[in-house]
Amino acid sequence: MVGELERPLVSNDVDLAQDQSNDLTRNYDLDGECHLNAALLRPPRTQGLVHKQRLSSASRRLALGDSVVGDVSDPLDGILVGQTLKRRVVTEHLVELQTHGRPENQSQNLRFGTENDRPQESVPNTDAISDQRSCLSLQVVSGPSCGLHCSVLSTSTARLPLTLGRVPPSYLLLKDYEVSGKHAMITWNLNKLRWELVDMGSLNGTLLNSRPIHHPDPGSRLWGDPVELASGDTITVGTTSNIYVHISSHNERLVPFGVGITSDPMSLRRGGKKLPMEDVCYYHWPLPGINQFGVFGICDGHGGVGAAKSASKILPEMVATILTDSVKRERVVSEQDASDVLRDAFSQTEASMNNYYEGCTATLLLVWADADENFFAQCANVGDSACFINMDGKQIKMTEDHKVTSCSERLRIEGIGEPLKDGETRLCGLNLARMLGDKFVKQQDSRFSSEPYISQVVHLKKSSGAFALLASDGLWDVVSFKKAIQLVVQARERHSTETENLAEKIAEVMLNEARTQRTKDNTSIIFIDFDSSSTVSSCKVRP
């Protein structure tokens, strides 16, 4: 008997209209989601794909919330809530692939270096294998779980193979009733040094760039043959769930502390209303050409994600550019203060942005090391994405809240001669008084500002149990600093015997707490554990 997790919830066929939507091969322009690479989240080219005309049939849409699950022909008798909808897979009507050639090697020039998107087919010697790491990133770009994403390294054996499915323990959990419990699997082929995708005998099949890769007889529940994944591919499971693939292959650096980064649009937390993802979080360790410096940041957009994308790209670039000046860099190390660097970086970022009707918060934590390998941290921010450091049990707040209602902002606004009226909680409809972007409202009201708050410098002592937590207001709306510290301490104790991915696990604990407390806003989290080290990608941007 098929296992409960692999067995579909309904076995009878439900005829779907043959007039399938072009959603299967739709272009998803996510350019800019990862600003290190202009092509990181760019959809694959559709040249060479010829769609056959389908016959129309009377059908009606069965939708869950805002997401269309499938075209189900009448009658609907016998269909129960919670069942997996089976669509008839007619491969000859899906898509005809005239050409599907991909270059064996692709390279992309980065502002922060060069990555080879695709490893060589040849097998290197065993010594080279240990140094060759590949990072696979998956982003759900459409469907009920749109906005969900995950990343995994080829060396993370505890997390591989990676399963895509509707129920736990699938690593990428898709809340889509056309997706099987265990739908597809991604593995790292150590012999060929490449990522491979295989359909696990799913009911509704799997497409790669609109090309079926499942067994020719989906009803047989037999697995398909493994196919190679390349950066830019689109995986389709069900009808509406499209997953974008990015692969970076490079020798990675040992980051001297643990880093966990995660986010969730919390799409269905506001009375069923689907929230767009407007947060962007990122880190770079080390900055290119500046080995002892790194940055960690979160930008929370409003009015759209455009300003957050721009700021998360430009701000770390400005910091890196300023620190390439050896005089300024040595001054930071000798004086143990980067206030001028952070202030100039924010000013130059604001001047470079061209976002008139979109804005964003910006919180950036700069970490550097001296010659004796002592670490220091300093933060700058505008908006309400907060950061704090905990060291020796002492909580150190690294940011300032720039909501219109905060005392510091009311005093600042009063100081420029235009005090807020009693009960006034917004300026031009915005609840923030400081942000990047929003050029139009800044022209209308001089009380807006992009001047960052600069924190004190914190010397991160060794063996102090120090950690830093950065998060957008989706977390802080429902979790206090004190509660966050308790969660970190509990998570450390619970996973005290584990060393791999501890920081990632703690970041997920925070995100799950925000879900439990039913936050109503996008939530992004970066957790930095200065008490441990981890081999992770030297740079990451996550939308």
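Colleague: What pLDDT does the protein chain average?

Modeller: The chain averages a pLDDT (the predictor's confidence in each residue, from 0 to 100) of 76, and 71% of the residues score at least 70. This is a predicted model, in which local features need pLDDT of at least 70, side-chain atom pairs count only at pLDDT 80 or more, and totals for chains, interfaces and linings use all residues. Residues are numbered from 1 along each chain as its sequence is written, and side-chain values use heavy atoms, with hydrogens and water left out.

Colleague: Where does pLDDT stay under 50?

Modeller: That holds over residues 1-131.

Colleague: Turning to helix α5, which of its residues are buried?

Modeller: Helix α5 spans residues 407-415, and its buried residues are E409, R412 and I413. Seen down the axis of α5, they fall within an arc of 95° (taken from the directions from the helix axis to the C-beta atoms), so they line one face. Buried means under 20% relative accessible area, exposed over 50%, and partly exposed in between, with a 1.4 Å probe and protein chains only. Helices are DSSP runs of H or I with at least four residues, strands are runs of E with at least two, and both are numbered from the N terminus.

Colleague: Which exposed residues does the face turned away from the buried side carry?

Modeller: That face of α5 carries C407, L411 and G415.

Colleague: And what follows α5?

Modeller: G417 follows α5, with a positive phi near 90°.

Technical notes. Contact = heavy atoms within 4.5 Å.
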